[in-house]
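Try each task before reading its solution.

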Amino acid sequence: MFSGKARAYTNIALIKYWGKENQDLIIPMNNSLSLTLDAFYTETCVTFSEDITEDLFYLDHQLQDSKATLKVSRFLDLVRSKADCSLHAVVKSQNFVPTAAGLASSASGLAALAGAASAALNLTLSPEELSRLARRGSGSACRSIYGGFAEWQKGDSDETSYATSIPSDGFENDLSMVFVVVNDAQKDISSRDGMQRTVETSAFYNGWLQTISQDLAKAKKAIATKDFTALGEVTEASALKMHGTTLAATPPFTYWSAESMKAMNLVRHFRENGLPCYFTMDAGPNVKILVERKNEAALLNALKDQFNAQQIVVAHAGPKIEILTEEEA
């Protein structure tokens, strides 16, 4: 019997990834840049044993169906192949984040699975190798291997597509991200399906791709110079452009709700009235607001009359993946 445990944190892309060049290997159409956060995370334990005849997957203490287990089994096959192991495994995963609600649970979940399975079989992987492995489960998971800022290099093969840490001289510690959770239910259109429809049919998609390199350059310069305004502007622009591509897909779709629009308009209003903050959104209706930590209290005060306390979650920069002892789990 071989066990490993890991904790991985969610990341939120500031420069978005949207669309796959290779569906099987999960190689993206573009580089992306993210910030790992401390508020949402996944803890996973993987135990390989001779005593079981099939993989078992528990999520939040509930045994999962064959479809969910098959995805985990296929990922474990990659780890088993690396370790020359034929044992089945019991996977117990707990999400401290609503699942499939646009709050990046797949990133923390698959990063934690990669870390726990690798630890169980004593694979000594470098951060880049672990990032590559996590990518095979969920693209954005490759960025959750790192704390702070990370860039997913799209590459052109399994070997060259992975995330790396972005030096920031502690700039991430000056930032807060405030989540406005307008809906924590499972979304109608998954990120995977939404990406594919957009890549294949959106009239706006090529225009989106053409702006990525300049947006990345702006973001990395802003991080290097600790320029919050520049980082906020390019973060908000990247999100709007990504969501714009879905409106030109066939059939068109959007992840926005009326409450999403309300939150975005409030951010613009706050900014116009002297509170610097910027929004971003992933493939879901929830809005994330980037603000300097010194202005966090002012933003929370401004939001309290518009949303109830249960809808507001404050996050700061989070750590890299952690391999846990039994006592820490």
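This is a predicted model, and its protein chain holds 8 helices and 14 strands.

**Exercise 1. Work out how the radius of gyration of the protein chain sits against the value for a compact globule.**

Solution. Start from the chain length, which is 329 residues. For that length, a compact globule would have a radius of gyration near 20 Å. The protein chain has 19 Å, which agrees with the globule value.

**Exercise 2. Describe the burial, contacts and surface of the protein chain.**

Solution. Begin with burial: 54% of the 329 residues count as buried. Next, take the contacts between residues at least 6 apart in sequence; 76% of these join residues at least 24 apart. Finish with the charges: the mean positions of the 31 positive and 39 negative ones lie 5 Å apart.

**Exercise 3. Is T235 buried or exposed, and what does T235 contact beyond its sequence neighbours?**

Solution. First locate the residue: T235 belongs to helix α6, which spans residues 228-247. Its relative accessible area is 1%. The cut-off for buried is under 20%, so T235 is buried. Now look at its side chain, where a polar atom lies 2.8 Å from the backbone oxygen of L231. Finally, set aside neighbours within four places in sequence: T235 is then in contact with L14, F279, T280 and L290.

Key
Residues are numbered from 1 along each chain as its sequence is written. This is a predicted model: local features need pLDDT of at least 70, side-chain atom pairs count only at pLDDT 80 or more; totals for chains, interfaces and linings use all residues. Side-chain values use heavy atoms; hydrogens and water are left out. Helices (H or I, at least four residues) and strands (E, at least two) are DSSP runs, numbered from the N terminus. The radius of gyration is taken over C-alpha atoms; the globule rule is 2.2 Å times the number of residues to the power 0.38. Buried means under 20% relative accessible area, exposed over 50%, partly exposed in between (1.4 Å probe, protein chains only). Contact means heavy atoms within 4.5 Å. Accessible areas come from the Shrake-Rupley method with a 1.4 Å probe; for residues, only the protein chains shown count as cover. Lys and Arg count as positive and Asp and Glu as negative; His and the chain ends are not counted. The place of a charge is taken as NZ of Lys, CZ of Arg, CG of Asp or CD of Glu. A polar contact is a pair of N or O atoms within 3.5 Å; within protein, one must be able to donate a hydrogen and the other to accept it, and residues adjacent in sequence count only if both atoms are side-chain atoms.
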